[in-house]
Each structure stands twice: as C-alpha cells, then as structure tokens.
Amino acid sequence: MFDLHEAQKNDNGVIIGLDVGGSNTKIIGFHKAKLLLETQVQASDPMASAYGAIGKFLSINSLSLEDVTSINTTGVGASYLSGSFFNCDTRKAPEFDSVGLGGLYTAGVKRAVVVSIGTGTSIVFADGSAIQHIIGSGVGGGTIVGLSRIMLGMRDISSICQMAEDGELRKIDLTVGDLSRTELPGLSMDVTASNFGKVDDLATQNDLALGILNLVFQSIGTASVLVSRLVKTNEIVFTGNLLRMSKGREILARFSDLYNVKIIIPDHAEFATAIGAALYGAMLAHP
C-alpha cells in the first residue's frame with residue numbers, strides 16, 4: 001500500500017491534482033502529505049479552466065510555481081491538454097485510477113467500491129493492490145439537468161435542489177405500500193416500486209424536482225449495490241460534485257439499511273478524483 005507520508009517525508013514540494021471537465025476544473029494538492037485548500041474554476045474551455053484553476057490554487061494557498069513539484073491531470077478534459085503547465089513536471093493520471101485512489105483516501109478505507117458521480121457515473125473497485133473499472137452509467141448530473149429542462153423548464157442545479165426540498169415523493173413515485181397491504185420480506189412499505197409510477201395530476205414543480213433527483217440517485221445507488229455484491233465488499237464510497245445535494249445524500253444513505261451496506265460520503269467528496277490524480281503522480285515519483 002502506497003504511503004504518502006513516507007514518500008513526501010523528505011520532499012518539500014507541492015503535488016497538484018487537476019480534475020479537468022469540459023469547462024469546470026477542480027484542483028487540490030498535497031504538501032508534506034497534508035491536503036491544501038481546494039478550489040474549482042469554470043471557463044469556456046478545458047485549457048482556460050485548467051490554467052485558471054492553477055493560478056487560483058496558488059493564490060489561495062500563498063504558493064508560487066517554484067513550490068510545485070508536479071501537476072497531475074485527469075478527467076475527460078485532460079485529453080485536450082498537452083505539454084507541461086508553466087514548465088512544471090506534468091503527468092496525465094488515468095481517470096479510473098484517480099477515482100479509486102481518491103475514493104479510498106478520502107474515505108480512509110483500504111477496500112471499497114468507489115462511485116464517481118458527474119455528468120454520468122463511473123463505478124470502480126479499489127483495494128490496496130489494484131483498481132478495476134467495473135461499469136459506467138449514463139445516469140448522472142446530465143440526466144438531472146436534461147429532465148429538469150424538459151419537465152420544469154430549468155437547468156440550474158442549485159434551483160432544482162432548492163425546489164426538491166419542498167417536494168413530496170408520494171405524488172410522484174409508486175411505493176411497495178401502494179401495491180401491497182403488508183410488507184414484503186426485506187422491503188418496507190415506503191420503498192420505491194416504480195419511479196414516476198404514480199404522478200399525481202396535482203403534482204407541483206417541487207414534487208417533480210424531487211422525483212427527478214430520486215430517480216437519478218436511486219438508479220446510481222442500485223447499480224452501486226449490485227457492484228458491491230459482485231466484488232464482495234459492503235463498503236461503497238460516493239464521490240463527485242453531485243454529493244453537494246443534501247437530498248441526494250439522503251437518498252443514498254437509505255441504501256445502507258435497505259441492503260446492509262456501508263455508505264460512505266467522505267469529506268472532500270467533490271475533489272476526490274483530483275486527490276487521486278495527485279496521489280497517482282506521487283506514486284510514479286516514488287515507486
């Protein structure tokens with residue numbers, strides 16, 4: 001198992017991790033095995049957001065380029081970047097390795113299913129010796145935005161989340177209690193039997209917003225539990241920007257009792273993949 005503390009014991013440099021999306025870049029770094037302040041930047045293209053993120057990161061941490069040992073990039077937007085940044089040692093970290101490494105580190109576990117929820121969703125199995133991409137899903141943040149645009153006439157995630165706080169699922173989803181007079185083995189009466197299976201004519205936009213979030217997070221949670229059964233572990237770590245949604249966190253937490261798994265939503269969940277990229281770079285530098 002890679003020991004970051006040992007690797008950076010005699011290294012005063014800063015190791016940076018960049019998770020580069022299409023227009024949004026998340027950045028974080030280590031100095032002497034300690035996490036520095038993180039930030040993210042949006043721009044019109046991956047190159048602009050990446051350069052902007054580095055500048056902002058250095059500023060908020062009172063650093064200069066001379067303090068940086070390496071810059072490690074990952075994410076779909078990293079494919080648009082070439083060469084080195086600011087003449088610093090720059091490496092590309094495989095995205096699934098970054099997801100797994102970052103998930104284990106932020107959760108403080110050695111073996112787990114790690115789920116990265118972004119525009120879509122990727123699910124990997126990670127332990128101390130290997131990281132394996134198991135499956136991906138097109139269901140994610142992009143699904144929320146797309147369905148909300150069609151059904152609510154809205155695209156802003158913050159507004160959708162705010163609306164969902166006042167929604168009622170009983171006006172949207174069909175539950176086990178709607179179908180059965182008694183509980184089924186292992187299923188309580190309020191468990192979803194069909195997403196959007198009981199849309200009330202009087203359902204409000206708030207109700208629909210909650211139904212959309214419930215559909216997306218339940219789909220991701222179900223796939224994650226299936227993967228945990230496949231690889232025989234009960235620990236599931238969720239990472240990604242969508243974990244900022246309190247309703248999403250609540251929905252995922254319910255899988256813990258329903259399927260007897262340990263749901264972990266760690267601190268720095270949004271920056272876990274960037275953390276994993278930095279760790280990958282540190283491993284290459286200290287094999």
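Two strands are taken to pair if DSSP finds at least two bridges between them, and the legends below apply this criterion to a predicted model.

View 1. Strand E12 (residues 235-239) pairs with E13 in the parallel sense over 3 bridges, and Glu235 has Lys262 in E13 as its bridge partner.

**View 2. Strand E8 between its two hairpin partners.** E7 and E8 run antiparallel and are joined by 6 bridges, with Ser116 standing opposite Ser122 in E8; the two strands form a hairpin with 3 residues between them. E8 and E9 also run antiparallel, joined by 6 bridges, and here Ala126 stands opposite Ile131 in E9, while the hairpin that joins E8 to E9 passes through 4 residues. Both faces of E8 are covered, with Thr121, Ile123 and Phe125 buried on one side and Ser122, Val124 and Ala126 buried on the other, so that 6 of the 6 residues of E8 are buried.

**View 3. The contact of helix H3 with helix H10.** Helix H3 (residues 95-107) and helix H10 (residues 272-285) pack with their axes 7 Å apart and at an angle of about 105 degrees; because angles of 65 to 115 degrees count as roughly perpendicular, H3 and H10 are roughly perpendicular to each other. On the H3 side the contact includes Asp97, Leu101 and Tyr105, and on the H10 side Ile275, Leu279 and Met283 are among the residues met. The residues of this contact divide into 9 nonpolar, 6 polar and 1 charged.

**View 4. Strand E4 and its pairing with strand E2.** Strand E2 (residues 24-31) and E4 pair in the antiparallel sense over 4 bridges, and Asn24 stands opposite Gln42 in E4. Strand E4 (residues 39-42) has a covered face, formed by Thr39 and Val41, and an uncovered one, formed by Gln40 and Gln42.

Methods: Residues numbered from 1 in each chain as written. Predicted model: local features only at pLDDT ≥ 70, side-chain atom pairs only at ≥ 80, totals over all residues. Heavy atoms only, no water. Axes fitted to C-alpha atoms, helices over the stretch in contact; angles between N-to-C directions. Parallel < 35°, antiparallel > 145°, perpendicular 65-115°, else oblique. Contact = heavy atoms within 4.5 Å. Nonpolar A, V, L, I, M, F, W, Y, C, P; charged D, E, K, R; others polar. Buried < 20%, exposed > 50% of the residue type's maximum accessible area, 1.4 Å probe, protein only.
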